[in-house]
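Trainee: I'm new to this one, and I'd like a close look at a single part. Could you walk me through a helix and what packs around it?

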Amino acid sequence: MTQTPCEPVGEPAGAALEGVRLDRAVALLTGVSRSAAARLVAGGEVLVDGAVVTAGARRVVAGERLAITATPAADHVLLPDADMALNRISVVFEDSDVVVVDKQAGLVVHPGAGHEQGTLVNGLLARYPDIADVGDPSRPGIVHRLDRDTSGLLVVARSERAYRSLVEQMRSHQAERVYCALVRGHPEASSGVVDAPVGRSGRNPLRMTVTQRGRAARTHYLVQQRFESPESLALLACRLETGRTHQIRVHLHAIGHPVAGDPTYGARRREPSLLGLTRPFLHSQSLAFRHPVSGETVETQSPLPSELAAALEACS
């Protein structure tokens, strides 16, 4: 394919783009959207001084020459959703750099296959338009995720400096995330750590599994209560060190204690009526992190949603 060079990153462009993310720099130099630029970078179509670079977050250095080797594909436009912002987003904490939301179950965090609109991100864009240029353009502002059917606390960045800080806090385990999970059976130990890599299942691409081909994952758990009715159950507090897709659900299933009501990683027999649950009993109840600007600790809490509280009340 014929190489189409971008404008060289030197004076005066170099002064303006010094320290800018590579995907944003490509967008500014070519006129394409950030999401289109991000796809070009991730696809190996962007050269920096003649070498392929696939990290969109890499910072441009003045004097470097950028070039692309492909035409950007058509964009999917992220549309603000005012109804979502008004009726389905519950804000726990907010300032000019950070927002913490209490996500309800059933809400998808960001657009993807089968969920192009009606996501949390669409609502956030309507309420906080400034997140459009923060982080990954396909999921602006999003630092970490919750499964569609998991409820609870989620932190969102409103500025690039906040995004960089929060991503690093998640990576280095400085942020603390604690989940409440009701599981089947009684773990032998009152506390423990599940240290097992998690990756995509070879049999079912929609499932994750413990596999040596996966990425490192660690989940700490603490038994808070044990129940005998309507069957053997235990209430756990789970603290994440890493944040792999479906991590808690996969890890608890792997040690023989699947999350109650989980249709994907639950028991071998179907159990739609267990405690009246229509989704996994998993809730992000506590989230703490260092504020990216002030440095002060931000601690947030979320009570159990009514359907999970009712299910817990039925245990004895």
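Mentor: Let's take helix α8 and then follow the strands that lead away from it.

First, some ground rules. This is a predicted model, where local features need pLDDT of at least 70 and side-chain atom pairs count only at pLDDT 80 or more, while totals for chains, interfaces and linings use all residues. Residues are numbered from 1 along each chain as its sequence is written, and side-chain values use heavy atoms, with hydrogens and water left out.

As for pLDDT (the predictor's confidence in each residue, from 0 to 100), the protein chain averages 87, and 90% of the residues score at least 70. Over residues 1-13, though, the pLDDT is below 50. Where pLDDT is low, the predicted coordinates should not be read in detail.

Now to α8, which spans residues 306-313. Helices (H or I, at least four residues) and strands (E, at least two) are DSSP runs, numbered from the N terminus. L308, A311 and L312 are buried in this helix; buried means under 20% relative accessible area, exposed over 50%, and partly exposed in between, using a 1.4 Å probe on protein chains only. These three sit on the same side of α8 because they cover an arc of only 100° around the axis, the arc being that of the directions from the helix axis to the C-beta atoms. Turn to the face pointing away from that buried side and you find S306 and E313, which are exposed.

So what lies over the buried residues of α8? The cover includes β7 (151-157), β8 (176-184), β12 (218-227), β13 (233-240) and β14 (282-290).

Of these, β7 is worth a stop: seven of its seven residues are buried. Strands pair if DSSP finds at least two bridges between them. β7 runs parallel to β14, joined to it by two bridges, and G152 stands opposite S284 there. With β6, β7 pairs in the antiparallel sense over six bridges, and V100 faces V155 in that pairing.

One last thing: the structure holds zero disulfides, a disulfide being a pair of cysteine sulfur atoms within 2.5 Å. The sulfur of C238 is 8.4 Å from the closest cysteine sulfur, in C180, so the two are too far apart for a bond. Both are buried, C180 at 3% relative accessible area and C238 at 0%.

Methods. Contact means heavy atoms within 4.5 Å.
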